[in-house]
Amino acid sequence: MAREILLRLRYPNRLAERVALLVREHNWHYLPEWNDATVRRTIARIGPDALPDLWALRRADLNARGRLVAEGLSNQQQVEARFAAELGRAAALKVSDLAIGGQEVMAVTGIAPGKRVGEILTALLDRVLDDPDLNTREALMRLASEMTRTPSTGNPQH
């Protein structure tokens, strides 16, 4: 809804998309039990560059709600610290951060350029979000090769 309103008011598309992302992502509750992969997936979904604006929006929203403000702000401090720590460790949050690219995937798999190469790269990123130590050329080449030997389900999660 925010995106549509901003576009109707002739704001730039980039700004409308950014505001829509912030509105969509501002109202989740962090639990300290989240594992590192969940934190990395959340960072990847939101984008590291959007986090400062998101944190500012979340703090403003917490201050405006009128009740349980201190508890909410304490939780937000935990979120920010945990995400900052994970950002310092995270090796790959998007496909372009992987230790290999489409050319290497095509070379090791024999697949022609196309959608399947992107699916493999997305699946590799998914694995690296779970285990950042896999983000090496050797490990990713091995995984890409294995992915082409097993039938695809069409779901990059498997």
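Predicted model: local features only at pLDDT ≥ 70, side-chain atom pairs only at ≥ 80, totals over all residues.
Student: Okay, then is D36 buried, exposed or partly exposed?
Tutor: D36 has a relative accessible area of 32%.

Student: Which residue does D36 form a salt bridge with?
Tutor: Look for a side-chain nitrogen of Lys or Arg within 4 Å of a carboxyl oxygen. For D36, the closest N and O atoms of the salt bridge are 2.9 Å apart, and the partner is R82.

Student: How many residues apart in sequence are the parts that D36 and R82 tie together?
Tutor: D36 belongs to helix α3, while R82 belongs to helix α5, residues 69–89. The pair therefore ties together parts of the chain whose separation in sequence is 46 residues.

Student: And R82 itself, buried or exposed?
Tutor: The relative accessible area of R82 is 16%. The cut-off for buried is under 20%, so R82 counts as buried.

Student: How far apart are the closest N and O atoms of E80 and R59?
Tutor: E80 and R59 form a salt bridge. This pair links distant parts of the chain, with E80 in helix α5 and R59 in helix α4, 21 residues apart. E80 is partly exposed at 23% relative accessibility, and R59 is partly exposed at 32%. As for the closest N and O atoms, their separation is 2.4 Å.

Student: How many salt bridges are there in the whole structure?
Tutor: Side chains of opposite charge can pair when their charged atoms come close. Searching the whole structure for salt bridges gives a count of 13.

Student: Which residues are linked with R18 in a network of salt bridges?
Tutor: Start with D49, which forms a salt bridge with R18 at 3.4 Å between the closest N and O atoms. D49 sits in the loop between α3 and α4 and R18 in helix α2, so this pair ties together parts 31 residues apart in sequence. D49 counts as exposed at 55% relative accessibility, whereas R18 is partly exposed at 24%. In the network, R18 is linked with D49 and D53.

Student: How do α4 and α5 run relative to each other, roughly parallel or roughly antiparallel?
Tutor: Two packed helices are described by the angle between their axes and the distance between the axes. For α4 and α5, the axes come within 9 Å and cross at roughly 170°. Residues that meet here include W55, R58 and R59 from α4 and E80 and F83 from α5. The cut-off for this class is over 145 degrees, therefore α4 and α5 are roughly antiparallel.

Student: Which residue lies over the face of W28?
Tutor: Look for a charge sitting over the ring, at 4.1 Å from the ring centre of W28. The residue there is R58.

Student: Leaving aside its neighbours within four places in sequence, which residues is E25 in contact with?
Tutor: E25 lies in helix α2 and is buried, with a relative accessible area of 7%. Beyond its sequence neighbours, E25 is in contact with R45, I46, L54 and R58.

Technical notes:
Residues numbered from 1 in each chain as written. Heavy atoms only, no water. Lys NZ or Arg CZ within 6 Å of the ring centre and 35° of its normal. Helix = DSSP H or I, 4+ residues; strand = E, 2+ residues; numbered from the N terminus. Buried < 20%, exposed > 50% of the residue type's maximum accessible area, 1.4 Å probe, protein only. Axes fitted to C-alpha atoms, helices over the stretch in contact; angles between N-to-C directions. Parallel < 35°, antiparallel > 145°, perpendicular 65-115°, else oblique. Contact = heavy atoms within 4.5 Å.
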